[in-house]
Amino acid sequence: AKRRGGMRHEIFDAQMRERLVDRLRIENELRTAVERDELRLEYQPIVGLRAARIVGVEALVRWQHPRLGLIGPDRFVDIAEESGLIRTVGAWVLRHAAAQAAAWRGDGHGPPLELAVNLSARQLSRPDALVETVTDALRDSGLPPGLLALEITESALVDDGDEEAAEAALARLRALGVRLVLDDFGTGYASLAQLKRLRFDAIKVDRSFVASLGRADEGEDALLVAAIIHMATALGLTVVAEGVESPRQLRRLSALRCAQGQGYHFARPLEPGMLRELLAADPPAA
Ligand code: C2E
Ligand code: CA
Ligand code: CA
Ligand code: CA
């Protein structure tokens with residue numbers, strides 16, 4: 001048994017080593033990915049549930065990797081954060097997404113289209129650089145600050161332990177006139193009162209809560225979602241439900257007066273050309 005255990009250990013080591021090598025390789029390649037123009041953005045519609053219209057889009061980064069093909073953020077955003085490369089990637093995302101959103105504006109899509117961009121904790125921990133990046137992206141694109149929403153997760157607010165620094169960074173972003181959105185709400189410990197104090201404009205209810213809505217066993221999740229929507233709305237926060245995948249979930253959310261939704265039921269993240277077509281087909285408000 002001892003021998004077999006040893007072998008398992010070796011296999012484990014080999015797997016660990018392989019994973020580490022993979023990671024280091026991806027980190028190295030990511031360093032040049034921006035210069036080589038390998039990053040891409042897809043845009044997922046955010047829908048106003050009352051009027052059933054697209055009110056915004058979330059920019060989601062992808063990497064057209066020369067060997068691995070198109071890979072998603074789950075494969076490289078963590079690595080980018082740990083290595084600090086996320087600031088370069090983040091700046092690229094902001095610049096390109098802002099330019100794209102400004103171009104769609106020029107196309108004359110009816111109501112103003114809001115652009116949501118994800119920020120990482122590492123970006124928030126360098127407020128000077130971040131404020132400059134956001135300012136540059138707005139100036140160069142001509143996108144009005146009020147149409148840019150920055151999505152921040154709860155962990156980004158507290159992980160570094162320095163909540164005051166994070167709060168100061170948020171205040172400086174606010175001063176630019178952009179909107180602040182708390183991402184993945186419900187997966188951490190932020191309270192709605194706290195978000196109101198930090199002057200967040202909106203929360204995105206994590207899709208794990210939305211998943212069971214409308215099912216026979218929806219139980220406590222549904223109560224929780226109902227309470228969150230009710231309280232957040234009363235506090236003047238816009239509520240966005242993430243991961244809406246079925247008509248049933250949509251009906252439940254509408255009944256709960258949830259303002260906005262996002263998810264495969266409406267559309268998957270799309271290439272810019274596809275999103276443009278969708279915007280063109282989005283029926284005008286009645
Ligand atoms: P997120 O910000 O919570 O983004 C939503 C994720 O859920 C996206 O995954 C999206 O494709 C996926 N999604 C949308 N609708 C549905 C649905 O109905 N069902 C399910 N199961 N999933 C849905 P994606 O694009 O793989 O992004 C994963 C995460 O990577 C994002 O989660 C975000 O945390 C991070 N990320 C993406 N782009 C960026 C970026 O530019 N900067 C940073 N810092 N992080 C990013
Ligand atoms: Ca997000
Ligand atoms: Ca989210
Ligand atoms: Ca998430």
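Q: How far is an oxygen atom of ligand 1 from an N or O atom in the side chain of E58?
A: This is a predicted model, in which local features need pLDDT of at least 70, side-chain atom pairs count only at pLDDT 80 or more, and totals for chains, interfaces and linings use all residues. Residues are numbered from 1 along each chain as its sequence is written, chains are lettered from A and ligands numbered from 1 in the order in which they are written, and side-chain values use heavy atoms, leaving out hydrogens and water. For ligand 1 and E58, the distance is 3.3 Å.

Q: Which residues come nearest to ligand 1?
A: A residue is near a molecule if one of its heavy atoms lies within 4 Å of it. Ligand 1 has an oxygen atom 2.9 Å from a side-chain N or O atom of R62, and one 3.3 Å from such an atom of D184. Of the 22 residues around ligand 1, the nearest are Q44, R62, D183, E245 and Y264.

Q: Which residues coordinate the calcium ion (ligand 2)?
A: Donors are N, O and S atoms within 2.8 Å of the metal (3.2 Å for Na, K and Ca), and sites may look incomplete because water is not among the atoms. Along the sequence, the donor residues here follow the spacing E-x59-N-x32-E-x31-D. At 2.1 to 2.3 Å, the coordinating residues are E58, N118, E151 and D183.

Q: How far apart are the calcium ion (ligand 4) and the calcium ion (ligand 3)?
A: Ligand 4 is coordinated by D184 through its OD atoms, at 2.9 to 3.0 Å. D184 sits in strand β6. D184 coordinates both ions, and their separation is 3.7 Å.

Q: Is D183 buried or exposed?
A: Buried means under 20% relative accessible area, exposed over 50%, and partly exposed in between (1.4 Å probe, protein chains only). The relative accessibility of D183 is 6%, so D183 is buried.

Q: Which residue meets R62 in a salt bridge?
A: A salt bridge is a side-chain nitrogen of Lys or Arg within 4 Å of a carboxyl oxygen of Asp or Glu, and the structure holds 14 of them. This one has an N to O distance of 2.8 Å. Because R62 lies in strand β2 and its partner in strand β1, the pair ties together parts 20 residues apart in sequence. The partner, buried like R62, is E42.

Q: Which side chain makes a polar contact with E38?
A: E38 is buried yet has no salt bridge, with R36, the nearest side chain of opposite charge, 4.2 Å away; Lys and Arg count as positive and Asp and Glu as negative, while His and the chain ends are not counted. A polar contact is a pair of N or O atoms within 3.5 Å; within protein, one must be able to donate a hydrogen and the other to accept it, and residues adjacent in sequence count only if both atoms are side-chain atoms. At 3.0 Å, the partner of E38 is W63.

Technical notes:
Helices (H or I, at least four residues) and strands (E, at least two) are DSSP runs, numbered from the N terminus.
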